[in-house]
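Hello,

Here is the structure I promised to pass on to you. Please open it first, and then read my notes below alongside it.

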Amino acid sequence: MSSKLSVLVLFAVFVNVFSHDDDVHTVKYTTENFAQELPKKNHFVMFYAPWCGHCQRLGPTWEQLAEMLNEDDSNIRIAKVDCTTDSSLCSEHDVTGYPTLKFFKVGASEGIKFRGTRDLPTLTTFINEQLREGDEEDAEKKPPQPVSGLVELTEDTFEKFVATGKHFIKFYAPWCGHCQKLAPVWEQLAKSLEFDSSISIAKVDCTQWRLVCNQFEVKGYPTLLWIEDGKKVDKYQGDRTHEDLKNYVSKMMGSSEIPTETEKPQSEEGAVGILTGDTFKHGIETGITFVKFFAPWCGHCKRLAPTWDELGKKFVADSNVNIAKVDCTLDLNKDLCNEQEVEGFPTIFLYKNGDKISEYSGSRTLEDLYEFVKQHVGHDEL
């Protein structure tokens, strides 16, 4: 009897210690408020038990995720439900093991189960994918918005979108090897033309939207079509390098000059360079390069953005210093961000002649960021 009592006491102490964790930012829901709060925003919820070892190991990462995303103006909440105190709620959502992670879109009562690796990059990628899919589901309510210049079209948005203007469109299948090789180049093309309002770069997944692809007689992948005012004008048959594709656009537009991201007005982005998986190595190989790795939906990143632009302007006359940024949500940059060990947003690294020499962890004021770069340049006047 005494041994059983000792076990119960130890278990109670263990649960008590775990329940008094450092979840400052994670929202905690119960049966009483879960159904009331769920429809207000997108939610990513951890259903857990305090005694579960996997839950304990995930705890700090989950809290870090909450710190990044649980902003007042964010469209998502990172939350958790203790299944030992709200077992009926967990049963209602088919929770049979711990932790169970589910993403609930706004207005949905059924969650989408997360089945990937429980690390911060994988969790943030999953969130980004779910938010993008939510945007697609709302496509009938609003026109498709480009992501870094690239527009993703569906059966609901295609006809209206291409009805006027000039469009260069990739028809593809996700399983197609040639399509996979083209994907980062296509994103780079869209990025380089995103400030030219006279042309759109788009893509259509033919495994999802077959009617559109059949309408334009797409018989192989990838098929690249030039469409003007809703009608097919030409089929691209050349090499699929960024330079060749850009030259083709230039030819079809009847111009020898196409605006690129480096030609955009300083009033929009300042003197901040945009690096990608393809350009990163060359971009950091000489001098000092101060790089911000970010995600567009990250609240901390949004607040840092105008300061980062101002920092770029401060060093615009110094050929030895480059202020740059990398969007880690773009497919062509995901491997880069993993290789650079980016585990949260924003992450700021300083590189010198191609080598990473420091991670910035100080205050994100313009003055402190400026002084940090100055210390590594090695001279006083910049």
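**The sheet 1-3-2-4-5**

Five strands make up an open sheet with mixed pairing, in the order 1-3-2-4-5. Strand 1 (27–29) and strand 5 are its edges, each pairing on one side only. Before going on, a word on what you are looking at: this is a predicted model, in which local features need pLDDT of at least 70 and side-chain atom pairs count only at pLDDT 80 or more, while totals for chains, interfaces and linings use all residues. Residues are numbered from 1 along each chain as its sequence is written, and side-chain values use heavy atoms, with hydrogens and water left out.

Helices (H or I, at least four residues) and strands (E, at least two) are DSSP runs, numbered from the N terminus. Two strands pair if DSSP finds at least two bridges between them. Buried means under 20% relative accessible area, exposed means over 50%, and partly exposed is in between (1.4 Å probe, protein chains only).

Back to the sheet. Strand 2 and strand 4 run antiparallel and are joined by five bridges. Phenylalanine 44 has phenylalanine 103 as its bridge partner in strand 4, and phenylalanine 47 stands opposite threonine 100. On to strand 5 (residues 112–113): two bridges join strand 4 to it, again in the antiparallel sense, with lysine 102 opposite lysine 113.

How many residues of strand 4 are buried? Five of its five are. In a regular strand the side chains alternate between the two faces of the sheet. In strand 4, Thr100, Lys102 and Phe104 are on one side and Leu101 and Phe103 on the other, and all are buried. Helix 3 lies across strand 2, strand 3 (76–82) and strand 4, at about 150 degrees to strand 3; axes here are lines fitted to C-alpha atoms, for helices over the stretch in contact, and angles run from 0 to 180 degrees between N-to-C directions.

**Aromatic rings**

A search of the whole structure turns up 30 aromatic pairs. Rings of Phe, Tyr and Trp (its six-membered ring) pair if their centres lie within 6.5 Å; planes under 30 degrees apart count as stacked, over 60 as edge-to-face and the rest as tilted. Take tryptophan 51 and tyrosine 98: their ring centres are 5.6 Å apart and their planes stand at 80 degrees, so this pair is edge-to-face. Tryptophan 51 is in the loop between strand 2 (42–48) and helix 3 (53–69), and tyrosine 98 is in the loop between helix 4 (87–92) and strand 4 (100–104), 47 residues apart. Tryptophan 51 is partly exposed, at 42% relative accessible area, and tyrosine 98 is partly exposed too, at 29%.

Another edge-to-face pair is formed by phenylalanine 293 and phenylalanine 349, with centres 5.7 Å apart and planes at 65 degrees. Phenylalanine 293 is in strand 12 (residues 288–294) and phenylalanine 349 in strand 14 (residues 347–352), so the pair ties together parts that are 56 residues apart in sequence. Both phenylalanine 293 and phenylalanine 349 are buried.

Ring pairs also link Phe44, Trp62, Phe103, Phe114 and Phe126 into a cluster.

**The sheet 11-13-12-14-15**

A further open sheet has five strands in the order 11-13-12-14-15, also with mixed pairing. Its edge strands are strand 11 (273–274) and strand 15 (355–360), each pairing on one side only. Strand 12 pairs with strand 13 (residues 321–327) in the parallel sense over seven bridges, and threonine 289 stands opposite asparagine 322 in strand 13. Helix 12 (residues 299–314) packs on this sheet and touches strand 12, strand 13 and strand 14, its direction making about 160 degrees with that of strand 12; contact means heavy atoms within 4.5 Å.

**Backbone details**

Most residues other than glycine have a negative phi, and most peptide bonds are trans. Where are the cis peptide bonds to look at? One joins tyrosine 98 and proline 99, with omega about -10 degrees, and another joins tyrosine 221 and proline 222, with omega also about -10 degrees. Proline 99 is in the loop between helix 4 and strand 4.

Glutamate 341 is not a glycine, yet its phi is positive, at about 60 degrees. Glutamate 341 sits in the loop between helix 13 (331–339) and strand 14 and counts as exposed, at 58% relative accessibility.

**The whole protein**

In total there are 14 helices and 15 strands, and 47% of the 382 residues count as buried.

Best wishes
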